[in-house]
Each structure stands twice: as structure tokens, then as C-alpha cells.
Protein chains: 2
Amino acid sequence: MNKFRSNHLKLSLSLLALFICLILPLAADEGMWPYNLVPKDYLAKKYNFKATDEWLNHLRFASVRFGGASASFVSPDGLVLTNHHVGRGAIQNLSTPERDLVKNGFYARTRAEELKCRGVELSVLQGIEDVTDRVFSAEKPGMSAQEIMAAREKAISEIQKEASDKTGLRCQVVSLYSGSMYNLYKYKTYNDVRLVFAVEDAIAFFGGDPDNFTYPRYDLDISIFRVYENDQPLKTKDYLKWSTTPLKEGDLVFCSGNPGSTGRLLTYDQLLFLRDVSYPFTINNLKRRQAILHEYATRGPEQERIASNTIFGVENSLKATTGYQSGLIDKDLMAKKLAEEQQIRQAIAANPELAKEFGQAWDEIAQAQKEFASFFKQYQFFERGNAFNTTYFNLAKSLIRMAEAKGSQNRPPMAEAGRMMGFMSQINDDFEIWKLTDSLKQLKEELPEEQETKWLLGCQSPEEVAMSLITGTKLKDPEFRKKLMEGGSEAIYQSNDPMIKLALMIDPVARGLRERHENKVRAVEVKNGTLVARALFQLKGTSIPPDATGTLRLSFGVVKGYIENGKKIPFHTTLAGLYQKAQKFNYQPPYSLPEKWIQKKSSLNLNTSLNFVATIDSIGGNSGSPVVNRKGEFVGALFDGNIQSLPTRFVYEEKVSRSVMVDGQALIEALIKIYDARPLADELLGRLPTR
Amino acid sequence: MNKFRSNHLKLSLSLLALFICLILPLAADEGMWPYNLVPKDYLAKKYNFKATDEWLNHLRFASVRFGGASASFVSPDGLVLTNHHVGRGAIQNLSTPERDLVKNGFYARTRAEELKCRGVELSVLQGIEDVTDRVFSAEKPGMSAQEIMAAREKAISEIQKEASDKTGLRCQVVSLYSGSMYNLYKYKTYNDVRLVFAVEDAIAFFGGDPDNFTYPRYDLDISIFRVYENDQPLKTKDYLKWSTTPLKEGDLVFCSGNPGSTGRLLTYDQLLFLRDVSYPFTINNLKRRQAILHEYATRGPEQERIASNTIFGVENSLKATTGYQSGLIDKDLMAKKLAEEQQIRQAIAANPELAKEFGQAWDEIAQAQKEFASFFKQYQFFERGNAFNTTYFNLAKSLIRMAEAKGSQNRPPMAEAGRMMGFMSQINDDFEIWKLTDSLKQLKEELPEEQETKWLLGCQSPEEVAMSLITGTKLKDPEFRKKLMEGGSEAIYQSNDPMIKLALMIDPVARGLRERHENKVRAVEVKNGTLVARALFQLKGTSIPPDATGTLRLSFGVVKGYIENGKKIPFHTTLAGLYQKAQKFNYQPPYSLPEKWIQKKSSLNLNTSLNFVATIDSIGGNSGSPVVNRKGEFVGALFDGNIQSLPTRFVYEEKVSRSVMVDGQALIEALIKIYDARPLADELLGRLPTR
């Protein structure tokens, strides 16, 4: 895969020698690997496992992207299994006050009962193509950081368009190793997705926020959908067969999903920026949102239902971010990062030729962090929409961006267009006013002197402004959105809709901040990140894994407990443990159990494995990922990491960091004994032709 | 010149016959003629005048565009003569409180004393090329009005760019006969322009506003500049020799200048729109501005000096607009227009084939007028900037438009870029606050419910907002403007300058109104205006003159008095008349005379002709135009029309409508006897080699 132009290959032999001294042995089972870079030799050597193309292709075609997360085909008739929390939005959209599917769960006894989910789109990776040469060839000597980025982006945009036009697939160029490698990913998409089965929220999220990111754990975090094509269930040979063999400690397992983002190639200064600027802001912000959402939820059961999904998302993010931050606050981890970086930089500084090529990269990145810190708050409030915490503002902003992109080269993907025109999650205006009011208050507190703040809140209270915006906007009407979308900039600029007007008023300052970020921060990071990565990459080639980028990856590890505070934590939990924990907390939320689970306890095999852990390298976005054994059989669905796994965003660790899975055995046991859903269990087990 | 594609030539013979019956004999000396369409046969027949190419080319090359008005070369060393009121802005920019050149006049006794005018650009038409075919070929069958307009504009833009790149000249495609003909005009430009001579304001504008657009008249409305190239006076053979023969009634004279805009091909409904919507708005608006400007001027002599040029411009526009409106209010004139139009439309309706081609044109234009009326006020306030009456807002708006145009095909002409970066008229912040305050008041009165009004004026008074905008903006600093211009959209969107922020806030609504006007009004007018014009044009060809478009035209007529209220008005006035009128008004402003004129009266030949009138067809923009005799010698400079000439914007008339000229004889007399400027007089008369 070493497809770099020769002028980038300037590492002298002396530096190579030096680097080799610095390199630690490849950290054990580290890596969320693109399917074209899977370390087959390593797997063969360490695990005596032969990752054949056939085995890999089958797993890849069975892997499904579900929103920003993961899922898999688990039957020849298009059943798709994911976490309950991944399918939660779709389930909530099918709910009403009278029929709360999130709370009560759902099971379609016949295909006719399967519920069509609007606005859900699944995609499956069809192929990967290396386009590094073509992207790099856009770059000319003497270009500035900004020009390099623009040139690359133009090339990427052209490659994507060509490939889409040619294949009819959704095509995306992925930047790997901080822009040292570019791969073209092609996806087939499915839009007719129907809900087949969902557990009750109480068992899906047993332990609630207190237990989130912890282990031992007792969650049946599962929902099941079915993909249709032409109104018929999708027929596929690439689905995962169900393993009926219980897992044992030490078993090799694989995970195939879409990890979102890691920062293991970031420089020390980039980590400092996250630790001192970005994460503190995000954590404070999420805490504030958590508080106002809970306040809303306490106003009544209907409010609780409406807010629950948002609360879940906010608390999930809060715990994740706090976890990531815990790694950065860890003095030892940071000292280790710094020492490694300093060794490399000193070696480079000692060689004039290398100093010229790579010497400035770290300092320029550090400078970019300072620059970003200087406008980070404005950027979050205006460009990232932090000041306008309502779905309507996001809609308005998207419509404006789409109108402006119209006619230009980079048309927005049709999926976005479809979402604009068609179905949106149910929006509750009372809830939107509540959220928007608080974010406007926050704007007034944090950025009182900005002109936009003064225009918007100069003579009306946040409550008044939020009320008038939300009650005044017509964006809830899909027909209205469609008209605006089709009308393009003419319709947008002439609209009197107050939310469109607001988004237009904010648009210039948002653009300014976006351009400043892109040109003065991101371009510098991209250019210099590539330099930093090229040094490392030239040494180790693809034996070091690239950072996660939200695209399909394969990771692996062994089923294994760990030691915490001197205590052995077992590799799995059982149904018995679930009932013990519920009892310990007197069946009070978030440790309450659904009625059925209490009534049918006696019918269950309580020794059934419920959750298990493995040293699989994963991160947010992996939720719902299928976990398979050597035979490629489904053994579970990843749904979380323990709290020790969070700092692995920046540094891999496998002593105590674990991914947490729902065991497939528990699902089958519950389908049959609790949910009276033997036909579905049989379809998963392949025991009946089809239902 | 009949360069139309054959599919536009569908006039049947029967209709032609009918039309020919309708056609009145070509109205006498009507016409402001493009140099490539001069009616040579008519001139030969009626006046026994042979308009040779040599004669025409010489006059064309001696004709100079000065701002939006006219001027001419009058010496082989680059002297340029124009009206005082045309040069007034440049003269005022050279003035200070200590040296008021507008009030006191100026004469450079040596070349070294000539004062360089910043921001003045003169241009001379080098050639005209027919590009009708190419523009029309962009139009495809089945296109909407909007698409046709866009296609033509794209073609025009390409033609202009190609020609500019090829010749290095400023190139502009001019639409003639409502888009029935397109000609490419190429201009050479001059930027080093120096003030040589200016009379005192009191004699230039003797009679002031009361006498503006009247006759008999007594103004020496003259200023003289010199063009330099490479710091040397421009040497040119194409200058006008000075006539020393006094004019007599009946003499044939020609006028070469840049008449701005006539509407003689407008439909009846377009005239109704002007009469009932556009002109009433403009007149009220100008009256309001006139009042607040006078209020400002009464605050002190310095305020009077600062406001004087603006007052002059507003009052000039007010008188002109009122004059145009007087034609539209004239029931006979309107009835005549309507009758003519109805005859044509009935004839078309009677023939199905013609009805299909032309029948809808008038109705569609009528519909566009209704559409425009529905948003005319918003359009004026937001898109035309009526709400923000300050130079700074115009600067901010231009900077934004330029930033947005950057990178797109239609770059702004470099002249605009130059103006942005470089010299601007002196701006007085106190005056700007005064003007802006009132226009903001007006916005609040007229459009209180618009979101933009509420944001801007919701909790602060117009005074406060104007004060904070004007004192806050840094746009007065040319370096700051230059930085913003060079920084493009990134710099603009990130600017914290309050005036830039305001213009950005207004930009979306302004764009919406602009797009609505372009697509729903102008495109309909262009498409259907072409149809209406094609009918007429096919009948008479270029024997009917096209409407004025601000480009160089030749018109002609005879020196001739007229009858008003039964009284014979003489063809010229004399210096004697000037003194009589001054005395009649006790030498009180605006009938006061400069000190020198009083002291040196006795030295003058009081029979010298001062102003004269002729039946020359002209309109605003012709100010400063050279008027020449059969030999092509300079006999005077057009500076006004009588009040009866104003309705000729829409209908030509020559019984009482007259253009008013300064007689060249009076200038020579004054230069020698009053201004002690014999060297300059000699240069004009060609009596000395050069000074």
C-alpha cells in the first residue's frame, strides 16, 4: 500500500535506524483495521488464524452501518440485529403516547406486523479502492496549507462524483493515517427498514446511566429490524450464522463495525487542546443540557417520554467525554506521550535535511491549537449551533447550506436531501422551546457582546425569543421544507420563516468561523499531521493501524476478564446476576425489570451468559457491531466499553480496557422464554426455512 | 444590421401592411443615435449634411465619458471640458474648509499648479462591434424567461471577458432596442486627471434650484481638466477645434454624449408602474432627503459646505423625476400611448399566428409590474439600500458583493476594486450619522414588521443605532478596506466591523428581493420587451432610434427658440441678461454674482451669447456633452434641458422641448476678461502652440 510519491520519501537511513530503536513492539491486539489492511500475518502468527479473503468478504458484506453506528445481517431473509440504543430513535419515532414501544418493547409475530421505519437508512460497504496517488497528485510544490487542503478536497470531490456516477453507489473518500493514505469506499444503501423486535427499555438499559460504561453489566441491549427490497424481505447469502457454542475465556473473537474517531496519532499539543479547551467546554455543556433535560422530564410522564431519547444521548456523550478526558488528565499517560514525541523530534532536529522536511510540523500544529483556542467558544456557539439547541435550527441551517451548494460542484448527498423533504423524528414544540430557551440563555451569558447576540436577545428574553421562533416556524411541515428545498436560494432568501431568518442572520458569522477553522486550524493540522504520520508510517508501514474514521473496521481480541482494585472481574455475567442486582436495588429504576421478566424468571436457565467482555479494540460508533468467533459465527453484539476503555481513544491498552458485549445466548433464551418469540429465535438459529 | 435568426422573423405580410399604415412619419429630429446607426440619409436629405466616417470618428474620439456624464477633448494637449456640475465632485474632493474650490473657483496658471483629482476616471469609446447573433445563439427553444435572461447574461459575460482579455480595453455589451440588438463597446480609460479651471459655484449654478431645468438661463456651468499619461499631458489629434463664429437661429448642431436612460419603448403598463408606484416613492423619498439635508446645512457654514454637493444631487434628481412624472400625469400623452399600443395589439390579436408569437408579451409585462409593485417598498429599502443612507453602508455592501463574486465567473470590474482600495470622497461622520439616522427612522416607519427592522431597531433608537454604526466602523480607513477586499469572504465574514455586520445581516433579504426582481420582473420584461421591440424594429429597422442606455450617442437639431404661453422665448441669452437678472433679485442667492464678475462687468462685451437652446434630443447623462457645428467645431456644452424637455423621457417632442447649452463664446470672454486666463483661452482657441 506504499503509494507515496518519491518526493515524500526523504527519511534518511540514519533516521530510520534511530526510529527503529524507538519503536516499541506492536502493541498486542491494537487496531481497528480497514478491511484492506487487516494484519493477516499477525493473526496467523499469534492466533494461528487464517484470515482468508473469503472469510473477510463474508463478514464485511454481513456488516451494516446503522446511522452512525453498527449492525449485521443475521438471517438469509434480511434480519438486521443491532443494539436497542442504536435502534432507539427509530423505535421512538414509531411510538405515541398510547403505544410507547421504547418502554414496552415490540415483537412482530408476522411479517405483516413489522413496522416500517421512516428516515432509517442502512448501508453496506461494497468495496475499497486506493486513490492516494490521485489525491496527492493534486498537490503542487509551494502550495500553502490552505491550498493543499483545497486541492485535496477538490480531487476527493471529483473522485467521489466520478465513482458515484459510474457505480450508482454512495462513494466516499476516506483519509487514513492523517492524510497519508486515501481510500475510496463504496456503499450500497437500503431505505426500507422495518422493526421486528425490541426489548423493553428497562432491560435494554438496565442500570441506566449509573452502569453505563461500567462492567460487570446486565443489559439485553438488542433490537432487530428487517431490510426490504421491492416490498419483499431482502434475500442475502452474506448473513452471520448463529453460534450455539458458549464462549470460554481465551476465545479469539472479531468485531466488525464503524468506530467513530480515535486520536492516537495526535500530537501532544493536540491532546493539550482537547484536555484544556475542547473537553472542558463539552463536559460543562453536556452537564448543563443534562440538568435542563431532567428538569423537563420531571414535569410529567409525557415530558419524560419525549425527553428520554435526548437524555440518553446527552448522558452517553457526557460519560464518554468524561472518560476520554480521564485519559488526558492522567499524568503518566501524558508524560509518556510527551516523551515519545520529544524523542522523535530531537532525532529529527539533529539531522538538517530531516529537520527541514519534518521539523516544523509539531510547532505548526501547536500554533494551530492556540489559534483555535482563541475562537473556540464562538465557533461552538455559532458555527456548531450550540446557541440554538433545537432541531428546527439544524433544519434551517441545512436548508441554507443545501441552497448555497446547489449549482456548485459539491452537491449535498441525496440522502440529506431526502431527509429534508421527507420524514423527520417527531418534534414536540414544547420541548423545542424548552431546549432553545436554555441555549439562548447560555448564549447571552457566554457571548453577550457579539453583535448577533445583541440583535437576537437585545430586547427580548430568551424565553420570548424561543417561543416566538418555535411557534412561528413552519419547518415542522414536510411540504414546507420540500418547497424551500426545491426553491433553492431564491426561496430561502425570500422566506419569512423566523427560523430561516435566524439561520440566515447567523450564517455569515458561522461561515467566518468555519472558514477560519478550516484555513487556520484544520488545513494546518491536515498538512502537518500528514508529515507527522508519514514519518511513523514510513517506519512501520501498515503494521500500525490508522485512527478510526467512522468507517468499517475489523478488530479482534480474546474473551477475558481482568483485575480491578485487586479483584478479579469475570469475563461474563449471567441472567442470575441480573436478578441479583435488581434485587439488591429493590427493583427500583434504573434497576427495575419489565413485568414479563419478573413473571417468567422461573422458566429461564439462569446460568445463561448475558454480557461478556473481550480485549477487542473499539470506540463509540462500534455500538451494535457483530462479534464473531473463528468460524465467523455470531456470538454477540458489542454495546459498550468499560470505563477503563475510554482513555484508549488516545492510547491503546489491553490489561484492563474491555469492550462489553450482549451474549447471543441470552437473546435466544429471552426470545423463547420471555417474549414467546420462538419463530424469531428459530430464524436466527436457522432452524426453520423462514417464518 | 438585421442580424436576427430567421425564427424571429414571423411577421406576416398582412401585419406588415397594417403596421405601415400605423407608422407615423419618423418624428423629425428624434434620436440619440449609437455611432454605428447614425441616420446618414436623413441628415443628407433634410439638412444636406454629409456625415462622413471621418467626421463621425473624429467627434467620437473627441467625446469623453466623465463619471455618468459627458465631456470632450478641446486641445491637442489633453484639455477636457465639461460642466461644472459634472466636475463638482472632483472639485469638492480637492477642497478643504480653508480652500473651498467649489465656492471660489480655481485656475492653474501653470501646469505645475494643475491639481490631481483622485478617483476620477475618464473613458473614450474606441469601437463598436455587433454581437447580436452570439448573444441570441445562447437562447434555446422552450427556455423560461428566467433561463433566457440567464443564458443571455452568460453569453454577454463571456463576450466581455474575451474582448477585455484580447484588447486590454474595458469592454461592455450594450443591449439595444429592448434586447433586440447587442453591441460590444470598447473603451480606453484614463486615470490621471487634473483640475485646470473651475468657475465659482455662484456663476456655474446661477439661479440655483429655482432655475434648474428652466430657460431662459444664465449659467457658465463649466470646468476644465487635463488628462495626463505617464505624468505628461496627453497628446491627441482628436480634439474639438473652437468655433469663433457666433451661432444663428436655424443652425444645425450636433451633440455627442452619454444620455442615461429613456423609456420610449416601454409599454403602457410599465409607464403606469412608473407613474403610480416608482416615481411617487422616489419623489417622496427625495423630498424627505432634501428636507433633512437642508436642516443639516442650516447648522453652520461648515455643515452647509459638507452637505452642498449631496443637496445639489438630490435636488437635481427631484426636479428631473418630477419632470418625468409630469409627462406621465399628462392625460393626453398617456392616452396617445395607450391608443398606439392598443392598435398594435388588436392587429396582432386578429392574426392567430402573430397572436401566438407576440400576443402575450404586453400582458406578461403588465403582470410583472403587479408583481414588482407587491414588493417594491422592501426592494427599495433593503436591496437598494434606502434604509441605510450612508456611504459606509454602500462600501460595506460592495465589499460583500465583491467577496462573493470572487472566484465566480463574473468578477467585478477592476475600477470598482480600485475605488474600494483607494481614494473615496471625503466622508464626514457627523453628516453620515445625520443621514443614516433619518433613513433608519424611515425604515422603522415604513417597514416596522420586518424581522431585520426589529433586530436592528427593536431596542435602540435610530439615533443610537446610527451613532454606534458610524462611530464604530473602520471603513473610512483605506487600508482597512484594502485588507477586507484582499482578504475576500474569509475576511468579510470574520469582520467585527459593525457596518460590515449590518450589511451581512441585510444581505440575505436583499438577495431574496434582488433574485425575485431579476427572475419575476426583469427577466419577464427582457423577454417580452424583446418581443414588443422586435415587432416595431422589424417594421422600421434602425430608422427608429433605440432607447438611451448610458452609452455614447449622437443627436442633432437646430438652434431655435420657442413659444411659451404665447410668448417668444429667444434662442440665446447674453451676459447682459445675466446682470439684469441678478439685479432683479438684488444679487441675493441664488442670484448673487461672484465678486470678480461684479468688479469686471465693465470690461465685458455684454452682447456675448451666454446660453443657447436647440432641438437636440437629450436626457440626463448628456450633461457636459460637446455641441458642435457642421464643421465639427465646438460651439458649446450641453448642461440642461428646459422643463418641457423632461417628458421626452417617454415621448419625443420638438415644438417646445429644448436642450440648453453654455455658449463657448461666453467662456472665452470670461476667461480673458474676468479670470485673467488668457493662456487657457489661447489654448482653447489654438492660438499658441501650447502653454
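Which residues touch the most other members of the largest nonpolar core? My notes follow.

1. In that core of 138 residues, they are B:Val80, B:Leu220, B:Val253, B:Val627 and B:Met661. A nonpolar core here is a set of buried Ala, Val, Leu, Ile, Met, Phe, Trp, Tyr and Cys residues joined through C-beta atoms within 7 Å. Buried means 20 or more other C-beta atoms within 10 Å of the residue's own, exposed means 12 or fewer, and partly exposed is in between, with C-beta atoms placed from the backbone. Helix 21 of chain B (residues 498–540) gives the most to this core, 8 residues; helices (H or I, at least four residues) and strands (E, at least two) are DSSP runs numbered from the N terminus.

2. Before going on: this is a predicted model, where local features need pLDDT of at least 70 and side-chain atom pairs count only at pLDDT 80 or more, while totals for chains, interfaces and linings use all residues. Residues are numbered from 1 along each chain as its sequence is written, and chains are lettered from A and ligands numbered from 1 in the order in which they are written.

3. Back to B:Val253. Leaving out residues up to four places away in sequence, B:Val253 touches B:Phe556, B:Gly557, B:Val559, B:Ala614, B:Ile616, B:Val627, B:Val628, B:Asn629 and B:Val635. Contact means C-beta atoms, placed from the backbone, within 7 Å. There is also a second, separate core of 137 residues, and A:Ile156, A:Phe273, A:Tyr324 and A:Leu578 are among its members.

4. Chain A is assigned domain 1 (31–121 + 191–260 + 550–691), domain 2 (123–181) and domain 3 (268–523), with bounds from an automatic or database domain assignment. The C-alpha centres of domains 1 and 2 of chain A are 33 Å apart. Their contact takes 10 residues from domain 1 and 6 residues from domain 2. On the domain 1 side, helix 3 (53–62) and strand 1 (63–66) of chain A each supply at least two residues.

5. B:Arg111 sits in the loop between strand 5 (106–107) and strand 6 (115–117) of chain B. B:Arg111 counts as partly exposed because it has 15 C-beta neighbours inside 10 Å. B:Val196 is 85 residues away from B:Arg111 in sequence, yet their C-alpha atoms are 8.1 Å apart.

6. On confidence, chain A averages a pLDDT (the predictor's confidence in each residue, from 0 to 100) of 90, and 92% of its residues score at least 70. Residues 1–27 of chain A fall below 50, with 34 contacts in the model beyond near neighbours in sequence. Residues 408–415 of chain A also stay under 50, with 9 contacts beyond four places in sequence. The model's scores are ipTM 0.71 and pTM 0.75.

Technical notes
Two residues are in contact if their C-beta atoms, placed from the backbone, lie within 7 Å.
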